[in-house]
Amino acid sequence: MTTYIIRRLVMIIPVLFGVTLITFFAMRVAPGDLAQVQLGEYATEEALAVFREEHGLEDPLPIQYVRWVSDLVQLDLGESYRTNASVRGEIFDRIPVTFQLTAFALVFSLAIAFPAGVISAVRQDTFIDYLARIFAMAGLAIPLFVIASLMITLPAIWFGWTPPIRYTAFTDDPLANVTHFILPAIALGASLAGTTTRMIRSQLLEVMRQDYIRTARAKGLSERPIVAAHALRNAMIPVLTVVGLQLGVLIGGTIIIEQIFSLPGIGRLLWESVDLRDYPMIQGVVVFMCFVYVFVNLCIDIAYAWIDPRIRYS
Amino acid sequence: MTQGQETATAPFQPPAAQGSVTGRAVRGLLRFGRRKPLGAFGGLVVIILVITAILAPMIAPHAPNTQSAQIIESPSSEHAFGTDRYGRDVLSRTLYGARISLWVGIVSLTIGVGAGTVLALLSGYLGGIVDTVIQRIMDSILAFPWLVLALAIVSVLGNTLTNVMIAIGILFVPNTARVVRSAVLTIREEAYVDAARVIGCTDWRIMFRHILPNVMAPIIVLVTVGLGSAIIVEASLSFLGLGTPAPAASWGRDLAESRAYWYNDSHLFWPPTIAISLAVFGFNLLGDALRDELDPRLRGR
């Protein structure tokens, strides 16, 4: 097990290295001079020179990169061009919002997908199966921002009631905080719910055809323990992988959802810094999001190597 | 390339496949429709979308970007879906929106899947260090959540139509490179590839004349499924104000811009909403069905 974990850890190093490389150099191919972009076209030569000096833009790119990465390794993401605030500080301030939003979305989508996927597979080709599949497909097809817009607009058009679109910190008013997160989380989780339902259904159908399920039936087990104890557990591994990969959709989706529901999270921070072309902030947020994504997937890999010995030894 | 392919396959055509090309195509389509009714429905939606996009200048009652009436007019016989906050005809903009969506989708897919396929051929056929380097780069790109990557690219390049297409295209490179590479790996071992090498074909020729035509099935699936996703990404970027620049009729942008009017003037809300959902739904259904048909491993499930 330890060797497996070490092997997986070693494997993510080139990926993380690639992420920093791509992010850094992508930011530097931006058309126009960085200092000029920040200070505007009427900035004086002296002001531009001071800005470049201050942010180390005079050095060759590889040196700038090495400096940025060595700071990064020490968890220092630099300062915003606009406010001089610490990028790490800004991100840390906003983690709770995005974390709560993503966690709620994940819980919501799994709470829907599990029963829907299992029932859909067990009652294959019945009315309830078709219903589940149509909903899953709709969750996948309707874009996130459309679902969110519908959630805000439909109650207003039909009942004249507008859902609360503001952020309340958990420490100020726990109840208001949780209720305000429900709609954004459902909107964000809808597509994951769709994907996971489809995945659970197809995996379960696959597993239910295996010999050991026939054996379980032959020894007289009733359907419920067969599905719960024998089939579901074996169907879970590919499902977990998909949930891990789909986390990227959730992380990207927070940009849209936090924008629509006015939540001060990391996604909104990214959107704001893109709007202001605040490159250190964009770089920091992008790298942070990628690292979280890679790290969660690493944890999932390790988790199922621990559950399933076949993976450990392959 | 098509010409070479035809001459190469012509002598081996089985007798059953004789008859006019159109006849075969129609029979094939009918069979597809019987076996995959949902996929056929998706195909129908896609066809309607394509026709709308092509005929938009002819069927749209007004020009999409000119003020043709008072602002925020409710639907009337003159303006079936009313007008927006600049007095532009909403129906015409929705019809023209099909053009932007499809155009962005097709061009970005061509960029992305094209680049991905070339990388996959190099990676799979040449192997060795080329393979390792390309695949590691692809792994790194896959570590970016898709919207984050698209947003970062657009923010760097600036949001012109071309840059939006490039940004969306890049999202499809790593996946294409991986999927097509695995297909290339199997084809590489075929006897006809050895034969081509023996008669002295260059690596370049083997990759593009002999291997590429045989990995088209996964590429077609990638493109169909990808178009749905590309439309979503374009609409999402435009919704965030970073996609197709104004005043082009983009569904995502039109939806975002009418945000203040959703409650009282829902005629601004429904047309882009329904158009986007329907378009994506169509491509998803068609793509799913095509994947089942073209992927032998899934056949009969």
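**Note on the predicted two-chain model**

1. A:Asp129 and A:Arg201 are both buried. In this predicted model, their side chains meet in a salt bridge, 2.9 Å from N to O. A:Asp129 belongs to helix H6 (residues 127-141) of chain A and A:Arg201 to helix H8 (residues 174-208) of chain A, so the pair ties together parts that are 72 residues apart in sequence.

2. Over all chains the count of salt bridges comes to 18. One of them joins the side chains of A:Asp125 and A:Arg133, at 4.0 Å from N to O. A:Asp125 is partly exposed, with a relative accessibility of 47%, and A:Arg133 is partly exposed at 32%.

3. Another salt bridge links A:Arg209 with A:Glu206, where the closest N and O atoms are 4.0 Å apart. A:Arg209 is exposed, its relative accessible area being 56%, whereas A:Glu206 is partly exposed at 27%. Elsewhere, A:Glu90, A:Arg94, A:Arg268 and A:Glu272 are joined into one network by salt bridges that share partners.

4. A:Arg94, a member of that network, is located in helix H5 (residues 87-122) of chain A. Its relative accessible area is 15%; because buried means under 20%, A:Arg94 counts as buried. Beyond its neighbours within four places in sequence, A:Arg94 is in contact with A:Pro264, A:Gly265, A:Ile266, A:Arg268, A:Leu269 and A:Glu272.

5. A search of the whole structure gives ten aromatic pairs over all chains. In one of these, the rings of A:Tyr65 and A:Trp68 have centres 6.5 Å apart and planes at 50 degrees, so the pair is tilted. Both residues lie in helix H4 (residues 61-73) of chain A, three residues apart, or about one turn of the helix. A:Tyr65 and A:Trp68 are both buried. Together with A:Phe24 and A:Phe25, A:Tyr65 and A:Trp68 make up one aromatic cluster.

6. A:Phe145 and B:Phe239 form a stacked aromatic pair, with 4.6 Å centre to centre and 25 degrees between the planes. This pair crosses between chains: A:Phe145 is in helix H7 (residues 144-159) of chain A, and B:Phe239 is in helix H10 (residues 216-239) of chain B. Both A:Phe145 and B:Phe239 are buried.

7. A nonpolar patch on the surface is formed by A:Ile157, A:Trp158, A:Phe159, A:Trp161, B:Trp270, B:Ile274 and B:Leu278, which together have about 780 Å² of accessible area. H7 of chain A and helix H12 (270-294) of chain B are the elements that give two or more residues to the patch. B:Leu278 sits in helix H12 of chain B and is partly exposed, at 43% relative accessible area.

8. Helix H5 (residues 128-142) of chain B has 15 residues and, at 1.5 Å a residue, should span 21 Å; its end C-alpha atoms are 21 Å apart, which agrees. The buried residues of H5(B) are B:Asp131, B:Ile134, B:Gln135, B:Met138, B:Asp139, B:Ser140 and B:Ile141. These buried residues pack against helix H1 (2-28) of chain A, and against helix H4 (90-126), helix H6 (146-157) and helix H7 (161-188) of chain B.

9. A:Gln36 is in helix H2 (residues 34-39) of chain A and, at 30% relative accessibility, counts as partly exposed. With neighbours within four places in sequence left aside, A:Gln36 is in contact with A:Glu41 and A:Leu48. A:Gln36 and A:Leu232 are 196 residues apart in sequence and 58 Å apart in space, C-alpha to C-alpha.

Definitions and conventions. Residues are numbered from 1 along each chain as its sequence is written. Chains are lettered from A and ligands numbered from 1 in the order in which they are written. This is a predicted model: local features need pLDDT of at least 70, side-chain atom pairs count only at pLDDT 80 or more; totals for chains, interfaces and linings use all residues. Side-chain values use heavy atoms; hydrogens and water are left out. Rings of Phe, Tyr and Trp (its six-membered ring) pair if their centres lie within 6.5 Å; planes under 30 degrees apart count as stacked, over 60 as edge-to-face and the rest as tilted. Helices (H or I, at least four residues) and strands (E, at least two) are DSSP runs, numbered from the N terminus. Buried means under 20% relative accessible area, exposed over 50%, partly exposed in between (1.4 Å probe, protein chains only). Contact means heavy atoms within 4.5 Å. Patches are made of residues with over 30% relative accessible area and no salt bridge: like charges are joined within 9 Å, nonpolar side chains (Val, Leu, Ile, Met, Phe, Trp, Tyr) within 5 Å. Accessible areas come from the Shrake-Rupley method with a 1.4 Å probe; for residues, only the protein chains shown count as cover. The expected span of a helix is 1.5 Å times one less than its number of residues.
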